[in-house]
Amino acid sequence: MKTPDAANPCVFISAEDVGKVGTETPQELAGDLGFLSNMEMIRQAGSFRMGVTPDIAAAKQMQSVPKVAIVAAPTDAKIQSGKVLLGTDVDLVVRMISMQQPHRAVPITGALCLAIACRIDGTIPARLARATLNTLTLSQPSGTIAVDANVRYINNTPVALSGTVLRTARLLFSGLVHH
């Protein structure tokens, strides 16, 4: 049976379950070859279980899907700029890996999938995230990303109606053009 996904399919694992706290830098994660190997095995199993690939051998060949991430409850985390994000200002901590490389920022497709997972009862992200009906603020190595999702239960089955990424606009330049 093929499982529906949101954006890119993702596998979410509690950081604690793989011996991490969730606030590790991409460099720290990249330097832990045992961790990366374990995450790759989990990704391959997830690919098969989701129906993305017919077996583990095929999952080894398709290295980009699904994405895999560790998640943790809100906590203080130092980001790439050196600034510390306070756990009180975020709803979930995430470190995403794609093609066996830890990302500095969660890809938007992964953030959307994570937002939806946070809205589904019993998932690891829903269990670890700060309970909120509002926009979710995800802590990632490069800062934060704000996401939301609308999930409804139809016949006791969660159905993702929408996923939202909130972005800000800023003035890049201004000027006057003379004719």
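## The lining of the largest cavity

Leu-36, Met-39, Glu-40, Arg-43, Val-68, Ile-97, Ser-98, Met-99 and Gln-100 line the largest cavity of this predicted model. A cavity here is a set of points, on a 1 Å grid over the protein atoms alone, where a 1.4 Å probe fits but cannot get out, and lining residues have an atom within 4 Å of a point. Rolling a probe the size of a water molecule over the atoms shows where empty space is left.

How many cavities of 30 Å³ or more does the structure hold? It holds one, and the volume of the largest cavity is about 40 Å³. That volume is the space filled by probe spheres set on the grid points, which are joined across faces, edges and corners. Sorted by class, the lining has five nonpolar, two polar and two charged residues. For this sorting, Ala, Val, Leu, Ile, Met, Phe, Trp, Tyr, Cys and Pro count as nonpolar, Asp, Glu, Lys and Arg as charged, and the others, Gly among them, as polar.

## Helix H2 beside the cavity

Two elements, helix H2 (33-50) and strand E5 (92-98), each supply at least two residues of this lining. H2 gives the most, with four residues. Helices (H or I, at least four residues) and strands (E, at least two) are DSSP runs, numbered from the N terminus.

H2 has 18 residues and spans 25 Å from its first C-alpha to its last, close to the expected 26 Å; that expectation is 1.5 Å times one less than the number of residues. Just after H2 comes Gly-51, with a positive phi of about 85°.

## Turning points in the loops

Another member of the lining, Met-99, lies in the loop between E5 and E6. Met-99 has a positive phi of about 55° although it is not a glycine. Is Met-99 buried or partly exposed? At 45% relative accessibility, Met-99 counts as partly exposed, a class that runs between the buried limit of 20% and the exposed limit of 50%.

Asn-155 is not a glycine either, yet it has a positive phi of about 55°. Asn-155 sits in the loop between strand E8 (143-154) and strand E9 (157-166), and at 72% relative accessibility it counts as exposed. In the loop between H3 and E2 you will find Pro-66; the peptide bond from Val-65 to Pro-66 is cis, with omega near -5°.

## The whole protein

Stepping back, the protein has five helices and nine strands. Its radius of gyration is 17 Å, close to the 16 Å that the globule rule gives for 179 residues, so the protein is as compact as a globular protein of that length. The radius is taken over C-alpha atoms, and the rule is 2.2 Å times the number of residues to the power 0.38.

Of the 179 residues, 42% count as buried. Helix H4 (residues 108-118) is mostly covered, with nine of its eleven residues buried.

## How to read the numbers

Residues are numbered from 1 along each chain as its sequence is written.

Methods
Predicted model: local features only at pLDDT ≥ 70, side-chain atom pairs only at ≥ 80, totals over all residues. Heavy atoms only, no water. 1 Å grid on protein atoms, 1.4 Å probe; cavity = no way out; pocket = protein on both sides within 12 Å on 5 of 7 lines; lining within 4 Å. Buried < 20%, exposed > 50% of the residue type's maximum accessible area, 1.4 Å probe, protein only.
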